[in-house]
Amino acid sequence: MRPAEAHDVSIRSSSAQIRANLSPRQPTARHKRPNVWLGKAIPLILLVFVWKGWELVLHRIIPHVAARNRRRGVVYAVTMHVALGMTLLSYATVYLHSRAPPAKKEPPKEVLERRVIFACDDAGEPIRCYRDQCAGAWQGVRTRHCRDCGTCRPVFDHHCAFMDNCVDAETHKAFFCFVLYAAVVLGLGLAPLLPAQLHALRLVTAATWSTEALSISWWSRWYSWLGGPIWRYAGAVLLGYRQFHLSVAGSTSTVDSKTARLSEPKLSTLAITASASLILLIAISMIVVVTRNAAKGLSTVQVERARSYRLQVKREPLGIKSRYDARLQLWIPAIDTHDGKASGDILRVEPDFPLFDYGRAENMRRAFGNTWWKWLLPWLPGEYSDTEIRPSALAALRQRVVKAS
Ligand SMILES: [Zn+2]
Ligand SMILES: [Zn+2]
């Protein structure tokens, strides 16, 4: 670990020069950013997926469950629709969240008076953003400028192309609710669907894979080897389903897509089952990552910066210079600041230093709510502050300043 760097600061001398260096920049060419395009296309694709999935639930999955036990079918239908409604509500909360530039440009009073920790430039001045429409807005320790949204975001976590918006202080809770409810919907849907469709898949492969027709049209062809084993088997499944409908089960026209049994071999149902399973796995891993980071009081951006900082530390002895210093540059106020003078030091701190770690239980309360049922309400945002640093973290940083000076 490199020793911490501390400097005495003559605050006013170079601040004018720093401001000059931060002159307004060219706006980001947003139309060239893939996330901006994906943000327009993915919500439409999701809408089609949700519509098709809902049709499947309404016409085939609910009747399938209700056929075995009517009461269970009613409970299933209600639970599924409540979870689906909450998924859409959580999604809309993030998607419709304002992308306007920060209305408040000035830092809070305690930052202006230098009584608290804040992110600072080399002159000890609070960081301001001049990109896009930000026009000199103050940037807190966890504020980042999102180039996809073209504006600064407090407690920036990441930009989500699936929701065409940022996950930040205002939307983090709704994002968590979205992945949670989406996992419930997908889990409920797949519970009867997955076994039924695996049964259908076995039926189709048993009936078609060893036939001469498939051997001639696929297995013996050179192009069936083009994309490795996944390509070879996926191609066989596709052709097998077509052949199955032509020869075994009669023509597809006799199968009404809305009333067919759940285990009816249909390629579109198989495709929905496969994508729903994949999205469920992604949603579960997101729930794990989001809760784990929230418990530690960390954001995705801090975790990523910490990763590049570890790389930076590894490379330094080899003489490889990193493109930028991943550490945070912070103003550390001196203990006695009651005389009205701005005294303190600038310190560079590793990105995952637990500035906002108030302990596991308190971190979770701030991120999701103080009772379990508040965790489930996407419209109640979490509590975040960019100036309220854990007292023991402040004490530890002051120790570093003393050691380095
Ligand atoms: Zn900005
Ligand atoms: Zn964004």
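This is a predicted model: local features need pLDDT of at least 70, side-chain atom pairs count only at pLDDT 80 or more; totals for chains, interfaces and linings use all residues.
How do the residues of the lining of the second largest cavity divide into nonpolar, polar and charged, and what are the counts?

Rolling a probe the size of a water molecule over the atoms shows where empty space is left. Here, the count comes to two cavities of 30 Å³ or more.

Let me begin with the largest cavity, which has a volume of about 210 Å³. It is lined by 18 residues, and those closest to its centre are Arg 142, Val 155, Gly 297, Leu 298 and Tyr 384. By class, this lining has eight nonpolar, five polar and five charged residues. The element that gives the most to the lining of the largest cavity is helix 10, residues 360-368, with three residues. As for where the largest cavity sits, domain 1 (1-32 + 107-145 + 298-405) and domain 2 (33-99 + 149-296) both give residues to its lining, and therefore it lies between them.

Turning now to the second largest cavity, about 50 Å³ of space lies inside it. The residues that line the second largest cavity are Val 141, Arg 142, Arg 144, Phe 156, Ser 299, Val 301, Gln 302, Arg 305, Leu 328 and Pro 351, and helix 9, residues 300-315, gives the most to this lining, with three residues.

That brings me back to the opening question: the lining of the second largest cavity divides into five nonpolar, two polar and three charged residues.

Terms used: Residues are numbered from 1 along each chain as its sequence is written. Chains are lettered from A and ligands numbered from 1 in the order in which they are written. Side-chain values use heavy atoms; hydrogens and water are left out. On a 1 Å grid over the protein atoms alone, a cavity is a set of points where a 1.4 Å probe fits but cannot get out, and a pocket is an open set with protein on both sides within 12 Å along at least five of seven lines; lining residues have an atom within 4 Å of a point. Grid points are joined across faces, edges and corners, and a volume is the space filled by probe spheres set on the points. Helices (H or I, at least four residues) and strands (E, at least two) are DSSP runs, numbered from the N terminus. Ala, Val, Leu, Ile, Met, Phe, Trp, Tyr, Cys and Pro count as nonpolar, Asp, Glu, Lys and Arg as charged, and the others, Gly among them, as polar. Domain bounds come from an automatic or database domain assignment.
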